[in-house]
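Here is a short briefing on helix packing and aromatic contacts. Please keep the structure open while reading.

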Amino acid sequence: MLGFSAVDTAMLGLFGLMVGSFLNVVIHRLPKMMELRWAAECAELQCGDTQTSEATAEHVTFNLMVPRSRCPHCGHQIRWFENIPVVSYLALRGQCGHCAAPIGARYPAVELICGALFAWCGWNWGLTWEALAWCGFSASVLALACIDWDTTLLPDDITLPLLWAGLCAAGLGLINTNLPHALWGAVAGYLSLWLVYWVFKLITGKEGMGYGDFKLFAAFGAWFGWQALIPVILMASVIGAVVGMVIKVWGQLREGGYVPFGPFLAIAGLTAMVFGPSAMLAFIGL
């Protein structure tokens, strides 16, 4: 595979670092925003419009932009020079600049992973609309993986736009998937996991996965086409089974004994983007 110029790669890589910094905000705040929205809706149903002003006001004033980021330990407001991707983390030695509380290593990890994915898009496609489309795909999937691992939620705020973006990108010819394959990929992706969910529930009486997994798999079908669904689900299942067994051996299973499936779907989806579904099938001998 011939790469484009180093300038394209570097520019998108740096852009990816900045997007990764924003993804950390999304990963942290979006689940809280969802909780506040649910609380406001429940209060409105129970008490009526006149008694929901407090919950609604809190929901309005807490979003991806407001309030400004602060240290969760001491409330210190993060200054601009403390928020430079990766550099600030290294300069601060992984600690708050005010109270010296540790800063999680996942913050720079998300920035670096996002930067690496964007750089790969630049190397593979250059500064093109196709590269930008796949950059958006990468950022969305990375955010979903982290949110699902933390909360077992795959928000519609990301999965549904990702699904529609795949269909639109295919329809506009921005990606190497034609619209019929993208459309039937989305249908097959959703229905396949939906059927697995109900078969498992009828047999065991338990829910093996959530509806967010159906929507994420449908989005992958839209981006890659229906042909990619088998290698993606096989890879996700194998990785999920291995990680689940390791966590069980270590005694680190969460309450209820479950492991979210979304992060493994995300890993498989990003692998399909980098190597291609056919290469994934060849690797496992199919």
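**Helix packing and aromatic pairs**

Helix α4 (residues 106-125) packs against helix α5 (residues 129-151) at an angle of about 155°, and their axes are 9 Å apart. The model is predicted. Angles over 145 degrees count as roughly antiparallel, so α4 and α5 are roughly antiparallel to each other.

**The α4–α5 contact**

- The crossing of α4 past α5 is right-handed.
- On the α4 side, the contact is made by Arg106, Val110, Ile113, Cys114, Leu117, Phe118, Cys121 and Trp125.
- On the α5 side, Glu130, Ala131, Trp134, Cys135, Ser138, Ala139, Leu142, Cys146 and Asp150 make the contact.
- By class, the residues of this contact are 13 nonpolar, 1 polar and 3 charged.

**Aromatic pairs**

- The count of aromatic pairs comes to 16.
- Trp125 and Trp134 form a stacked pair, with 5.9 Å centre to centre and 10° between the planes.
- Both Trp125 and Trp134 are buried.
- The ring centres of Trp134 and Phe137 lie 5.1 Å apart with the planes at 75°, so this pair is edge-to-face.
- Trp134 and Phe137 both sit in helix α5, 3 residues apart, which is about one turn of the helix.
- Phe137 is buried, and so is Trp134.

**The ring cluster**

- Which residues do ring pairs link into a cluster?
- They are Trp120, Trp125, Trp134, Phe137, Phe220, Trp223 and Phe224.
- Among the cluster members, Trp125 also belongs to the α4 side of the helix contact, and Trp134 to the α5 side.

Note on methods. Residues are numbered from 1 along each chain as its sequence is written. This is a predicted model: local features need pLDDT of at least 70, side-chain atom pairs count only at pLDDT 80 or more; totals for chains, interfaces and linings use all residues. Side-chain values use heavy atoms; hydrogens and water are left out. Axes are lines fitted to C-alpha atoms, for helices over the stretch in contact, and angles run from 0 to 180 degrees between N-to-C directions. Helices (H or I, at least four residues) and strands (E, at least two) are DSSP runs, numbered from the N terminus. Angles under 35 degrees count as roughly parallel, over 145 as roughly antiparallel, 65 to 115 as roughly perpendicular and the rest as oblique. A crossing is left-handed if the near helix is turned anticlockwise from the far one by less than a right angle, and right-handed if clockwise. Contact means heavy atoms within 4.5 Å. Ala, Val, Leu, Ile, Met, Phe, Trp, Tyr, Cys and Pro count as nonpolar, Asp, Glu, Lys and Arg as charged, and the others, Gly among them, as polar. Rings of Phe, Tyr and Trp (its six-membered ring) pair if their centres lie within 6.5 Å; planes under 30 degrees apart count as stacked, over 60 as edge-to-face and the rest as tilted. Buried means under 20% relative accessible area, exposed over 50%, partly exposed in between (1.4 Å probe, protein chains only).
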